[in-house]
Amino acid sequence: MQVVAKITISNSNFETWLEFFNGYKEKRIEFIQNEVVEKINDQEARVTFEITDLEGLTSLSASEEITSREAELGVVTEIL
């Protein structure tokens with residue numbers, strides 16, 4: 001399943017978010033492929049990828065480690 005996600009960052013900036021996002025890339029690649037991150041501006045990014053394991057990706061995305069850091073950064077993810 002091909003997905004495009006809009007990432008809005010309200011409490012930080014693109015570079016800080018990208019560092020966090022890349023910090024768990026090895027975990028994400030177990031569930032997705034062909035990921036492309038595009039900087040829209042300092043507060044927005046677009047991420048396109050293909051989901052290979054929706055259940056695994058959902059579980060990873062809901063983990064306390066990720067949700068708490070996203071809350072600190074003010075990250076909102078919208079699937080387009």
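**First stop: a glutamate in a helix**

Select Glu70, which is found in helix α4. Please bear in mind throughout that the model is predicted. Glu70 is buried, yet it has no salt bridge. Where is the nearest side chain of opposite charge? It belongs to Arg28, 8.5 Å away; a salt bridge would require a side-chain nitrogen of Arg within 4 Å of a carboxyl oxygen of Glu. Now display the surroundings of Glu70: leaving aside residues up to four places away in sequence, Glu70 touches Phe20, Tyr24 and Val75.

**Second stop: the nonpolar core**

Next, select Ile7, Trp17, Phe20, Tyr24, Val47, Phe49 and Leu57. These are the residues with the most contacts inside the largest nonpolar core, which has 20 residues. Colour β1 (2-9), α1 (14-23), β3 (44-51), α3 (54-61) and α4 (64-73), the elements that each give two or more residues to this core. In soluble globular proteins, nonpolar side chains tend to be buried together.

Then centre the view on Trp17. Its contacts, not counting residues up to four places away in sequence, are Ile7, Ile9, Val37, Ala45, Val47, Leu73 and Val75.

Select helix α1 and show its side chains. Which residues of α1 are buried? They are Phe14, Trp17, Phe20 and Phe21. Viewed down the axis of α1, these buried residues fall within an arc of 130 degrees, so they line one face of the helix. Turn to the other side of α1, where Glu19 and Gly23 are exposed.

To see what the buried residues of α1 pack against, display β1, α2 (25-28), β2 (32-41), β3, α4 and β4 (75-79). Finally, zoom in on the start of α1: there a side-chain oxygen of Asn13 reaches to within 3.2 Å of the backbone nitrogen of Glu15.

Move on to helix α3 and select Gly56, Leu57 and Leu60, its buried residues. Why are they on the same side of α3? They cover an arc of only 95 degrees around the axis, which puts them on the same side of the helix. On the other side of α3, select Glu55 and Ser59, which are exposed.

To finish, select Asp53, which caps the N-terminal end of α3. A side-chain oxygen of Asp53 lies 3.3 Å from the backbone nitrogen of Glu55.

Key. Residues are numbered from 1 along each chain as its sequence is written. This is a predicted model: local features need pLDDT of at least 70, side-chain atom pairs count only at pLDDT 80 or more; totals for chains, interfaces and linings use all residues. Side-chain values use heavy atoms; hydrogens and water are left out. A nonpolar core is a set of buried Ala, Val, Leu, Ile, Met, Phe, Trp, Tyr and Cys residues joined through side-chain atoms within 4.5 Å. Buried means under 20% relative accessible area, exposed over 50%, partly exposed in between (1.4 Å probe, protein chains only). Helices (H or I, at least four residues) and strands (E, at least two) are DSSP runs, numbered from the N terminus. Contact means heavy atoms within 4.5 Å. The arc is that of the directions from the helix axis to the C-beta atoms. A polar contact is a pair of N or O atoms within 3.5 Å; within protein, one must be able to donate a hydrogen and the other to accept it, and residues adjacent in sequence count only if both atoms are side-chain atoms. Lys and Arg count as positive and Asp and Glu as negative; His and the chain ends are not counted.
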